[in-house]
Amino acid sequence: ILVYLFAHVLWFLGIHGTNITDSVFLPILYALSAENLAKVSAGQLPENIINVQFQNLFATFGGAGSTLSLLIVAAIFAKSKRLKDLSRLSILPAVFGINEPVIYGLPIVLNPLLFIPFILVPTLNIVITYVTMSIGLVPIPNGIIMPWTTPPVVSGFLSSSWQGAVLQVVLILLGCLIYYPFVAAVDKNNLIQEKSLNETEGAK
């Protein structure tokens, strides 16, 4: 949680936080995944909940801030042209974990309206995933490394069977609920700006 909080604060400031934290944290995660894979290969159950798959496949969806949920909300509910267009352009890359268009295009960087959900959603994802795996509700990732661009549901199934896929869907929907009021506030501001711009252009 602390690593992800630090990384997301850096993202909010316009710095690629994950690249910075991964330089220290990723070797540890790979070692933990390798231990899980060795256990599975020996016919035993994996033991390390925290590992590469945990970070790449369950902590965030659509990139930093788990912004796939934000884009789903925007694509369905946004009324401003700016937010609708951005969500339509950004949602497909987000499915594969690429969210620079929304980070810098919305923007999320230095946007106080989105700071809380941008930090909160990944934190909840981490806590919920850890709890569900620790009590045995969802299998611990099997240690097989897959690209971080593997889409949700597919990645959850390959890592933690059907329970992992279901967990990913639940977390994305939970993220949508959290992002909704904040996206609505951004959308409202965009509508005001667009109305003002239209009135200014109409007066010329």
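Helices here are DSSP runs of H or I at least four residues long, numbered from the N terminus. The model shown in every view is predicted.

**View 1. The loop between helix 6 and helix 7 holds Leu-110 and Pro-107.**
Leu-110 sits in the loop between helix 6 and helix 7. Helix 6 spans 100–105, and helix 7 spans 112–134. Pro-107 is found in that loop as well. The peptide bond from Leu-106 to Pro-107 is cis, with omega near -10°. Leu-110 has a positive phi, near 60°, and is not a glycine. Most residues other than glycine have a negative phi, and most peptide bonds are trans. Is Leu-110 buried or exposed? Its relative accessibility is 57%, so Leu-110 counts as exposed. The cut-off for exposed is over 50%.

The patch covers about 770 Å². Its members are Phe-6, Val-9, Leu-13, Ile-15, Ile-20, Leu-110, Phe-115, Ile-116 and Leu-120. Two elements give two or more residues to this patch: helix 1 (2–12) and helix 7 (112–134). Which helix gives the most? Helix 7 does, with three residues. Val-9 belongs to helix 1. Its relative accessibility is 36%, so Val-9 is partly exposed.

**View 2. The largest pocket is lined by 35 residues.**
The volume of the largest pocket is about 590 Å³. Of its 35 lining residues, those closest to the centre are Thr-18, Asn-56, Gly-63, Gly-97 and Trp-148. Which helices each supply at least two lining residues? They are helix 1, helix 2 (17–41), helix 3 (52–59), helix 5 (81–95) and helix 8 (154–203). Helix 2 gives the most, with six residues. Sorted by class, the lining has 18 nonpolar, 15 polar and two charged residues. Gly counts as polar in this sorting.

Lys-81 makes a salt bridge with Asp-85, and their closest N and O atoms are 2.7 Å apart.

**View 3. Glu-47 and Lys-39 form a salt bridge.**
The side chains of Glu-47 and Lys-39 meet at 3.4 Å, N to O. This distance falls within the 4 Å cut-off for a salt bridge. Is Glu-47 buried or exposed? At 55% relative accessibility, Glu-47 is exposed. Lys-39 has a relative accessible area of 26% and is partly exposed.

Ser-161 lies in helix 8. What is the phi of Ser-161? The angle is near 60°, a positive value in a residue other than glycine. Ser-161 has a relative accessible area of 30%, so this residue counts as partly exposed.

**View 4. Pro-122 is a buried residue of helix 7.**
Pro-122 has its place in helix 7. Its relative accessible area is 2%, so Pro-122 is buried. The cut-off for buried is under 20%. How far apart are the C-alpha atoms of Pro-122 and Ser-196? They are separated by 35 Å, and the two residues are 74 residues apart along the chain.

**View 5. Thr-149 occupies the loop between helix 7 and helix 8.**
Thr-149 is placed in the loop between helix 7 and helix 8. With 28% relative accessible area, Thr-149 is partly exposed.

Definitions and conventions: Residues numbered from 1 in each chain as written. Predicted model: local features only at pLDDT ≥ 70, side-chain atom pairs only at ≥ 80, totals over all residues. Heavy atoms only, no water. Patch = residues over 30% accessible without salt bridge, like charges linked within 9 Å, V, L, I, M, F, W, Y side chains within 5 Å. Areas by Shrake-Rupley, 256 points an atom, 1.4 Å probe, with all protein chains shown as cover. Buried < 20%, exposed > 50% of the residue type's maximum accessible area, 1.4 Å probe, protein only. 1 Å grid on protein atoms, 1.4 Å probe; cavity = no way out; pocket = protein on both sides within 12 Å on 5 of 7 lines; lining within 4 Å. Points joined across faces, edges and corners; volume = space filled by probe spheres on them.
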